[in-house]
Amino acid sequence: MKKNIVAVLLVIALSTAAAFAVDPTSFLVETAVTGINKMKITAAAFPANGTPSSFDSADAYTGPLTVAAYGSQSFSAYLSTMSNNRGGYTVSMDATAMKSTESGEADAYINYTVTVNNVSLATNGATDVTAVTVIDVESLTGRASQSHQIALTVDQTSFEAAVEGSYQGTVTFTYTAN
């Protein structure tokens, strides 16, 4: 009788193992997230929780900035960025002095200082100035955005000493993904 019980238990154990010996079945779930590397000069501060589509539709600053006097200029412009680059990014700022060119005459310059994110750059007539880093993000763990007001102050000495003419300078921001 003991042998019959052992034989029955052995048959049950083998048949149970065979009934549940199914190979695992699986499937992959995957996606690709597109890189977001955006920069724009906006007319208002861009919110930190904004979306890529709201960034694209944010009102751009529509210069030029017309200067009528020396000193601090009153205008509303923000350097706004959005990124999901896990390696981070940097933004540098470069500027050229306002320049007036007349045929047969020497070029004339009016200097100014531009400030973004507490970093300033002052122009120096015909002399090229070294670009400065105004945003440096070493890494990201998700999508992030920043918005920093742009301030500009025109130099009193060069403005008051300027000869007649139309003057134009350029502030350039360069975005570099790390």
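**Exercise 1.** Determine which residue forms a salt bridge with Lys99, and how accessible the two partners are.

*Solution.* Step 1: Lys99 pairs with Asp107 in a salt bridge, and their closest N and O atoms are 3.4 Å apart. The term denotes a side-chain nitrogen of Lys or Arg within 4 Å of a carboxyl oxygen of Asp or Glu. The model is predicted; local features need pLDDT of at least 70, side-chain atom pairs count only at pLDDT 80 or more, and totals for chains, interfaces and linings use all residues. Residues are numbered from 1 along each chain as its sequence is written, and side-chain values use heavy atoms, leaving out hydrogens and water.

Step 1: Lys99 has 34% relative accessibility and is partly exposed; Asp107, at 33%, is also partly exposed. (Buried means under 20% relative accessible area, exposed over 50%, partly exposed in between, with a 1.4 Å probe and protein chains only.)

**Exercise 2.** State how many salt bridges the rule gives, and describe the one formed by Lys38.

*Solution.* Step 1: The count is two.

Step 1: Lys38 pairs with Asp56, with 2.8 Å between the closest N and O atoms. Helices (H or I, at least four residues) and strands (E, at least two) are DSSP runs, numbered from the N terminus.

Step 2: Asp56 is partly exposed, at 49% relative accessibility.

**Exercise 3.** Is Thr42 buried or exposed?

*Solution.* Thr42, located in strand β1, has 1% relative accessibility and is therefore buried.
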